[in-house]
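Notebook open, model loaded. I want to jot down what I looked up, one topic at a time.

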Amino acid sequence: MSLIKGFLKLILYFSLFVTLGIITAIVTMKILTSGKTVTVPAIEGKEVVSAMEILNNSGLKLRVEREEYHPSLPKGSVISQEPESGVVIKSGRSISVIVSRGSQTVVVPAVEGEPFYRAEIIIKQSGLDIGDIARIHTDKVEKDIVINQSPPPRSFISRGEKIDLLLSSGVKETIYKTPNLIGKRFEEAKQIAEILGVTLSKSKIIREGSEGNIIAEQKPVAGYPIRRGSAIEVFVAE
């Protein structure tokens with residue numbers, strides 16, 4: 001009986017020894033690996049599965065933070081990583097990545113003939129943005145109306161790209177010096193006003209010794225700056 005007890009004790013001691021050895025090995029491995037550092041590899045532009053293999057080989061993990069549309073990287077490719085490549089970190093850490101959802105193409109809306117404020121709304125609602133804006137003077141299109149756009153309507157481009165616009169600045173404002181109309185007949189003064197694009201309003205005054213239908217006074221006076229579409233008031237002697 002005592003022989004059996006001795007044998008059981010031997011088995012128990014052996015089991016405890018093995019268990020203690022395993023625990024010691026695990027603790028030792030943790031101690032040895034806890035301070036191990038690695039250099040973060042470059043995985044930007046890599047396909048996710050390939051990036052995961054590269055990180056695993058370096059003793060790191062991959063964590064997808066989110067997905068975003070990208071104009072050039074295909075779907076499933078790494079857009080960016082954190083920490084960046086070249087940084088030295090502890091082994092076992094996770095590398096956060098943003099993954100491409102691919103490029104999302106949209107149809108360019110037609111905004112020619114639209115007021116700028118409305119064209120901007122239409123473009124942004126289409127997932128696009130305003131690019132360069134140029135302006136030209138024209139008497140054919142009202143001010144702030146879209147004359148042309150690039151890319152053209154109904155073409156396909158990636159979401160987030162920009163539309164360049166050409167806008168009308170309206171009729172170019174012309175400034176003249178008020179001509180001297182005093183002493184001229186009203187009909188002659190009217191022809192001069194038509195050439196300048198201004199209107200002529202006629203008022204009559206009584207001035208003794210003056211020839212009839214001859215301009216005796218004017219407002220504004222000669223030399224005063226006026227714009228196309230302005231009015232000149234003339235006073236004709238009776």
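The entries below go from the whole chain to single residues.

**Ground rules.** I am working with a predicted model, where local features need pLDDT of at least 70, side-chain atom pairs count only at pLDDT 80 or more, and totals for chains, interfaces and linings use all residues. I number residues from 1 along each chain as its sequence is written, and side-chain values use heavy atoms, with hydrogens and water left out.

**Whole chain.** I looked up the secondary structure and got four helices and 15 strands. Helices here are DSSP runs of H or I with at least four residues, strands are runs of E with at least two, and both are numbered from the N terminus. Of the 238 residues, 29% count as buried. For burial I use relative accessible area: buried is under 20%, exposed is over 50%, and partly exposed is in between (1.4 Å probe, protein chains only). The protein exposes about 15800 Å², and carbon and sulfur atoms supply 56% of that. Those areas come from the Shrake-Rupley method with a 1.4 Å probe; for residues, only the protein chains shown count as cover. I also checked contacts, meaning heavy atoms within 4.5 Å. Among contacts between residues at least 6 apart in sequence, 70% join residues at least 24 apart.

**Helix α2.** Which residues of α2 are buried? In this helix, residues 48-57, I find Val-48, Ala-51 and Leu-55. Seen down the axis of α2, they fall within an arc of 60°, so they line one face of the helix. The arc is taken over the directions from the helix axis to the C-beta atoms. I then asked what covers these buried residues, and the cover includes β2 (61-68), β3 (78-82) and β5 (94-100).

At its start, a side-chain oxygen of Glu-47 comes to within 2.8 Å of the backbone nitrogen of Val-49. Just after the helix, Gly-59 has a positive phi of about 80°.

**The three-stranded sheet.** I traced an open sheet with the order β7-β10-β8 and mixed pairing. Its edge strands are β7 (129-136) and β8 (146-150), each pairing on one side only. The twist averages 25° from one strand to the next. Helix α3 (residues 116-125) packs on this sheet and touches β7, β8 and β10; its direction makes about 155° with that of β7. My axes are lines fitted to C-alpha atoms, for helices over the stretch in contact, and angles run from 0 to 180 degrees between N-to-C directions.

I zoomed in on one pairing. β8 and β10 (residues 162-168) run antiparallel to each other over four bridges. Two strands pair if DSSP finds at least two bridges between them. Val-146 has Leu-167 in β10 as its bridge partner.

**Ser-168.** Not counting residues up to four places away in sequence, Ser-168 touches several others, among them Arg-135, Val-141, Asp-144 and Ile-147.

Most residues other than glycine have a negative phi, and most peptide bonds are trans. Asp-144, in the loop between β7 and β8, has phi near 70° and is partly exposed at 31%. Arg-154 also has phi near 70°; this residue is in the loop between β8 and β9 and counts as exposed at 62%.

Then the cis bonds. One joins Ser-150 and Pro-151, with omega about 0°, and Pro-151 is in the loop between β8 and β9 (156-158). Another runs from Lys-219 to Pro-220, with omega near -5°, and Pro-220 is in the loop between β13 (215-219) and β14 (225-227).

**Arg-185.** Arg-185 is in the loop between β11 (175-177) and α4 (186-196), and I get 39% relative accessibility, which makes it partly exposed. The C-alpha atoms of Arg-185 and Ile-214 are separated by 4.6 Å, with the two residues 29 apart along the chain.

How values were computed: A polar contact is a pair of N or O atoms within 3.5 Å; within protein, one must be able to donate a hydrogen and the other to accept it, and residues adjacent in sequence count only if both atoms are side-chain atoms.
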